[in-house]
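Welcome! Have the sequence and the 3D view open, and let us work through some questions together.

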Amino acid sequence: LKSLGIIGVSEYQDAKSALRSDSKFTSLFVQKKQDVQSGASLLEVFQGIEEITGEGNTTQEMIRVPKGRFQMGASQENTEAKSQVRPSFQVELTRSFWMSKTSVTQQCWLAVMEKNPSTYKGDMRPVDSIPWKDCLEFCNKMSQREGLEEVYTFFDEQIICNFDANGYRLPTSAEWEYAARAGKTDQEQRFSGSSDVGDVAWTSSMVKETKEVGQKKPN
């Protein structure tokens, strides 16, 4: 209903909270928790837990990533990996989080930032050539548009990140790798989502410019 413009963001959040508190729907949320505890792969748990955020051209489809533990970095036996990321070590993420299903599209970026500096233009292509600070400002503006708390505060050259805020932010290195692995080790798959790079990525040997998002397998 929200993605169709029938209800607003605040109404949507209220409806979602009401569903969670209604005993008739408890089993839906409990089942996902049991899936995690029973040892189902993260990829299996991720499937079906999605929501649309934003309105109009700012829509970004989000995937809920459940909290958990994983081995960050590469195994000592993985000699293809750089020495800086070996050996791996255990990391625990104590809170679930939401991550965009695809790279941010130029259509979304333009609607929020009112400019598109991308080298390779296309509404559904990923935005590129973006300074890091602009990414933080984009996150804050996405939060403003949806009535959420801004995560980043700017003081001259200092930037403070409030991890307790409920707005948009960039993922930490650990969150990014955790989501990319989706429960797999580097022995099980060479790349994020597959051992065949052609399944999940565009490389410079395949194309000379960016492509529209979402054409490859999830990774």
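The questions below go from the overall fold to single pairs of side chains in this predicted model.

Q: How many helices and strands are in the protein chain?
A: Let us begin with the order of the elements. Read along the sequence, the pattern is α-α-α-β-β-β-β-β-α-α-β-β-α-α. The totals for the protein chain are seven helices and seven strands.

Q: What share of the residues of the protein chain count as buried?
A: A residue counts as buried when its relative accessible area is under 20%. The protein chain has 219 residues, and the share that count as buried is 31%.

Q: Among contacts between residues at least 6 apart in sequence, what share join residues at least 24 apart?
A: Here a contact means heavy atoms within 4.5 Å. Taking the contacts in the protein chain between residues at least 6 apart, the share that join residues at least 24 apart is 48%.

Q: Are the rings of F70 and Y178 stacked, tilted or edge-to-face?
A: The count of aromatic pairs comes to two. In the pair of F70 and Y178, the ring centres are 5.2 Å apart and the planes are at 50°. Planes under 30 degrees apart count as stacked and those over 60 as edge-to-face.

Q: Are the rings of W109 and F138 stacked, tilted or edge-to-face?
A: The centres of the W109 and F138 rings lie 4.8 Å apart, with the planes at 15°. Planes under 30 degrees apart meet the rule for stacking. The angle of 15° is under that cut-off, so the pair is stacked.

Q: Which helices do W109 and F138 lie in?
A: W109 is buried, with a relative accessible area of 2%, and F138 is buried at 8% relative accessibility. The pair ties together parts that are 29 residues apart in sequence. W109 lies in helix α4 (residues 106-113), and F138 lies in helix α5 (residues 132-145).

Q: How far apart are the end C-alpha atoms of α5?
A: Helix α5 has 14 residues, and at 1.5 Å a residue it should span 20 Å. The model agrees with that expectation, because the end C-alpha atoms of α5 are apart by 20 Å.

Q: What do the buried residues of α5 pack against?
A: The buried residues of α5 are D134, C135, L136, F138, C139, N140, M142 and S143. These buried residues pack against β2 (60-65), α4, β6 and β7.

Q: Which residue takes a positive phi in the hairpin of β6 and β7?
A: Strands β6 (residues 152-155) and β7 (residues 158-161) run antiparallel and are joined by four bridges. In this arrangement, T153 stands opposite I160 in β7. The hairpin has two residues between the strands, and the residue with a positive phi near 50° is D156.

Q: Which ring does the charged end of K216 sit over?
A: The charged end of K211 sits over the ring of W202, 5.7 Å from its centre. For K216, the charged end is 4.1 Å from the centre of the ring it sits over, and that ring belongs to W202.

Q: How many residues apart in sequence are the parts tied together by E80 and R190?
A: The closest N and O atoms of E80 and R190 are 3.0 Å apart, and the two form a salt bridge. Both residues are exposed. E80 lies in the loop between β3 and β4 (89-93) and R190 in the loop between α6 and α7 (197-200), so the separation in sequence is 110 residues.

Q: Is E209 buried, partly exposed or exposed?
A: E209 forms a salt bridge with R125, with the closest N and O atoms 2.8 Å apart. R125 counts as buried at 17% relative accessibility. Because E209 has a relative accessible area of 37%, between the 20% and 50% cut-offs, E209 is partly exposed.

Q: Which helix holds both R181 and E177?
A: The side chains of R181 and E177 meet in a salt bridge, 2.9 Å from N to O. R181 and E177 are four residues apart, about one turn of the helix, and both lie in helix α6.

Definitions and conventions: Residues are numbered from 1 along each chain as its sequence is written. This is a predicted model: local features need pLDDT of at least 70, side-chain atom pairs count only at pLDDT 80 or more; totals for chains, interfaces and linings use all residues. Side-chain values use heavy atoms; hydrogens and water are left out. Rings of Phe, Tyr and Trp (its six-membered ring) pair if their centres lie within 6.5 Å; planes under 30 degrees apart count as stacked, over 60 as edge-to-face and the rest as tilted. Buried means under 20% relative accessible area, exposed over 50%, partly exposed in between (1.4 Å probe, protein chains only). A charge sits over a ring if NZ of Lys or CZ of Arg is within 6 Å of the ring centre and within 35 degrees of the ring normal. Two strands pair if DSSP finds at least two bridges between them. A salt bridge is a side-chain nitrogen of Lys or Arg within 4 Å of a carboxyl oxygen of Asp or Glu. The expected span of a helix is 1.5 Å times one less than its number of residues.
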